[in-house]
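Good morning. Today I will go through the side-chain contacts in one protein model, starting with the aromatic rings and then turning to the charged pairs.

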Amino acid sequence: MALHFAVLSSCSMSVQSAGNNMRKCASILAMAALSVWTQSARAHGIAGNRYFNGTMTFDDPAVADEAIVPDFSYLSYPTQDSNVLENRINWSFARLLTPTLAATLDSGWVHQNWPIGHTSGFDKTSLGLKYEAFRDNKHEALASVSLAWGIAHSGAVGVGADAPNTIQAGVTFGKGFGDLPDSLSWLRPFAITGAIVDEEPMGQGGRAFAPNLATGTFLNVSSPAVQTLHWGFSIQYSTFYLTRRFDGGPPKEEPLNQWVPLVEFRFDSPRGQKTVATANPGVAYVAVTWQASAEIILPMNHAGGNSPGFRAQMLLFLDDLIPSVFGKPLLTGAPPENRQIAW
């Protein structure tokens, strides 16, 4: 508030003058706006000079106040002795409890087109915690661990999302190559991220609709609960390293307002069943308060899909977007300034 009053006072005195004093007033306002904007920039998934893209097929290592609204995907794949064309809209929310611990919530809506009709309903809802376990800004390294509870029968039978309680324990990581020596400078823009999540069912199973092609109706059948390993990795390219902002030393500002081309590889391995595998090349743009991404889904095996699909996502950085609400963690004070870039 003191900054605002000082600016208004200075501008009032300048307006009373004439000529070039008006230009002075405009300059003061511009500098004040820039100062407020810069101070509010606390974007996420950053370790030193590296921004780790908010990946769409698995979780990224960032622990932050953020929301995904929405994550849309479109894909045809084989299931229930038939084929289904699925449109999915997922969403998620994370709220910092401390600078390194966040509570998470995620769910979604699914619409499926079958040869005999269509079904729709909610996906399973999960609640969890995510903790930043390791950070090395100088070497562009970040790692987190998570634990989530998949709420029993929170998903719809019609879309195969009815299931018992599940426990999902996971590890996510990111490593940038910006610390490589000059002899390998061409590799500096690259980074890898990855995740491994073990989903353990805590009950016998649920129900699901299966199409009966002979009668043209859906059968309500049992759906056994199966332990599933969800895993994947991404290769990312930071266009930040193509600019003069990078000089090999400690960052002067967060690596925002850049394009990040990437390819994600996603695998789901149910115990005793075939692994579902896809490759997902795409591109993301990260600004100060949001990230927008789009990818093509390329099946890597028959279980992964019948043909290419598509996904897109909007990720919002809530503490930058609504600092009056998400300006600091719920249980502690605000983290130190430049915690994500300081060496």
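This is a predicted model. Searching the whole structure gives 11 aromatic pairs. Take Phe 93 and Phe 326: their ring centres are 6.3 Å apart and their planes stand at 65°, so this pair is edge-to-face, the cut-off being over 60 degrees. Phe 93 belongs to strand β4 and Phe 326 to helix α4, so the pair ties together parts that are 233 residues apart in sequence. Are these two residues buried or exposed? Phe 93 is partly exposed, at 33% relative accessible area, while Phe 326 counts as buried, at 12%.

A second pair is Phe 240 with Tyr 241, with centres 5.6 Å apart and planes at 90°, so it is edge-to-face. Both of these residues are buried. There is also a cluster, in which ring pairs link Trp 91, Trp 109 and Phe 122.

Now the charged pairs. The structure has 11 salt bridges. One of them joins the side chains of Arg 50 and Glu 140, at 3.0 Å from N to O. Arg 50 lies in strand β2 and Glu 140 in the loop between β7 and β8, so parts 90 residues apart in sequence are tied together. Arg 50 and Glu 140 are buried.

Another salt bridge is formed by Glu 132 and Arg 339, whose closest N and O atoms are 3.2 Å apart. Glu 132 is in strand β7 and Arg 339 in the segment after α4, 207 residues apart. Glu 132 is buried, at 6%, and Arg 339 is partly exposed, at 24%.

Last, a network of salt bridges links Glu 86, Arg 88 and Asp 123.

Definitions and conventions
Residues are numbered from 1 along each chain as its sequence is written. This is a predicted model: local features need pLDDT of at least 70, side-chain atom pairs count only at pLDDT 80 or more; totals for chains, interfaces and linings use all residues. Side-chain values use heavy atoms; hydrogens and water are left out. Rings of Phe, Tyr and Trp (its six-membered ring) pair if their centres lie within 6.5 Å; planes under 30 degrees apart count as stacked, over 60 as edge-to-face and the rest as tilted. Helices (H or I, at least four residues) and strands (E, at least two) are DSSP runs, numbered from the N terminus. Buried means under 20% relative accessible area, exposed over 50%, partly exposed in between (1.4 Å probe, protein chains only). A salt bridge is a side-chain nitrogen of Lys or Arg within 4 Å of a carboxyl oxygen of Asp or Glu.
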